[in-house]
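Here are some notes to read alongside the structure, written for someone opening it for the first time. Keep the viewer handy and take the points in order.

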Amino acid sequence: MAATLSLPIIDLSSPHRLSTASSIRQACIEYGFFYIVNHGVDDEFVTEVFHHSANFFSLPLHHKMNLARNEYRGYTPLYAENLDPTSPSKGDPKESYYIGSLEDTTSVQLNQWPSEELLPNWRPTMESLFWKVLTAGKELLSLIALSLNLDEDYFEKIGALNKPAAFLRLLHYPGELGSCEEIYGASPHSDYGMVTLLLTNGVPGLQICKEKFKQPQVWEDVPHVKGALIVNIGDLMERWTNCLYRWHSSWTRPQTL
């Protein structure tokens, strides 16, 4: 049984920005993961989001395949992805739905949406989620800039936020599927972007390995914290900081829902 990891909790609403930035720096160096609270995505709305997400993934497969992923947007079925190319498994037992940036007017039309008749209020709910999380992410990046002894508007000044390649991805892990080979919902991996902000609904499964190059690897549970988003540093941020801020490997073990 894996140990439970106690990660730092960062308050985005704190007026003490330098102190908050210092806490983020310590969390990024030591863990590469932390929680954020007071991020603008309220609990009632999160419940609504998970309700709409569940409604989509419970649709018959042919309805979902009508929205099959194209141009990195849309639905991916079970086993379509394998985050660990060295794994002998047939793929990760998870379903996904990708929604691309709503800020980039040149690509927003590539997004695919279930019809209003099929899933009422689904699109506006997910669009609202995108904007809320993007706003939280931009506030977080200003604090990350401060944590690196840069101006808090550094990423904005260099144009990094002009057309952010922000993606919203819904995930569904069906749980144990009856095969002893299906160990992971998402195979061990790292994220390739700047940061990932993750909403959870209390179902356990996320684990991280702080020493990804050390053998044997030790995996620890990341518990759900009500009202918090989980943040992890991506490969790009690790590269930009010359490995000062480190990404630690993660995986998701499937749980029966």
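1. Start with the contacts across the whole chain. Counting contacts between residues at least 6 apart in sequence, 75% join residues at least 24 apart. Keep in mind that this is a predicted model. The protein chain has 257 residues, and 46% of them are buried. Its secondary structure comes to six helices and 12 strands.

2. Next, have a look at helix α1, which takes in residues 17-30. Its 14 residues reach 20 Å from the first C-alpha to the last, close to the 20 Å expected at 1.5 Å a residue. Which residues of α1 are buried? They are Thr 20, Ala 21, Ile 24, Ala 27 and Cys 28. These cover an arc of only 120 degrees around the axis, which puts them on the same side of α1. On the face turned away from that buried side you'll find the exposed residues Leu 18 and Gln 26.

3. So what covers the buried residues of α1? The cover includes β2 (9-11), β3 (33-37), α4 (122-147) and β11 (229-233). Just after α1 comes Gly 32, with a positive phi of about 80 degrees.

4. Two strands pair with β11 here. β3 and β11 are antiparallel, over four bridges, and Phe 33 stands opposite Asn 232. Strand β8 (residues 195-198) is also antiparallel to β11 and is joined to it by four bridges; there, Leu 198 stands opposite Ile 230.

5. Strand β9 (residues 206-209) is another one that is covered on both faces. Leu 206 and Ile 208 are buried on one side, and Gln 207 and Cys 209 are buried on the other. Two bridges join β9 to strand β10 (residues 220-221), and the two run antiparallel.

6. Three strands form an open sheet in the order β4-β5-β6, with antiparallel pairing. Its edge strands are β4 and β6 (168-172), each of which pairs on one side only. From one strand to the next, the twist averages 15 degrees. Strand β5 (residues 95-99) is joined to β6 by five bridges, and within that pairing Glu 95 has His 172 as its bridge partner. Helix α4 packs on this sheet, touching β5 and β6, and its direction makes about 115 degrees with that of β6.

7. Gly 74 is worth a stop while you are at this sheet, as it lies in strand β4. Is Gly 74 buried or exposed? Its relative accessibility is 0%, so Gly 74 counts as buried. Leaving out residues up to four places away in sequence, Gly 74 touches Leu 67, Arg 69, Ser 96, Tyr 97, Tyr 98 and Gln 112. Gly 74 and Leu 110 are 36 residues apart in sequence, and their C-alpha atoms are 9.3 Å apart in space.

8. Finally, two backbone angles to check. Most residues other than glycine have a negative phi. Tyr 72, however, has a positive phi near 65 degrees. Tyr 72 sits in the loop between α3 (61-65) and β4 (74-76), and is exposed, with a relative accessible area of 59%. Asn 242 also has a positive phi, near 55 degrees. Its place is in the loop between α6 (235-240) and β12 (249-252). Where does Asn 242 stand, buried or exposed? Asn 242 is exposed, with a relative accessible area of 68%.

Key: Residues numbered from 1 in each chain as written. Predicted model: local features only at pLDDT ≥ 70, side-chain atom pairs only at ≥ 80, totals over all residues. Heavy atoms only, no water. Expected span 1.5 Å × (residues − 1). Buried < 20%, exposed > 50% of the residue type's maximum accessible area, 1.4 Å probe, protein only. Arc of directions from axis to C-beta. Contact = heavy atoms within 4.5 Å. Pairing = 2+ DSSP bridges. Axes fitted to C-alpha atoms, helices over the stretch in contact; angles between N-to-C directions.
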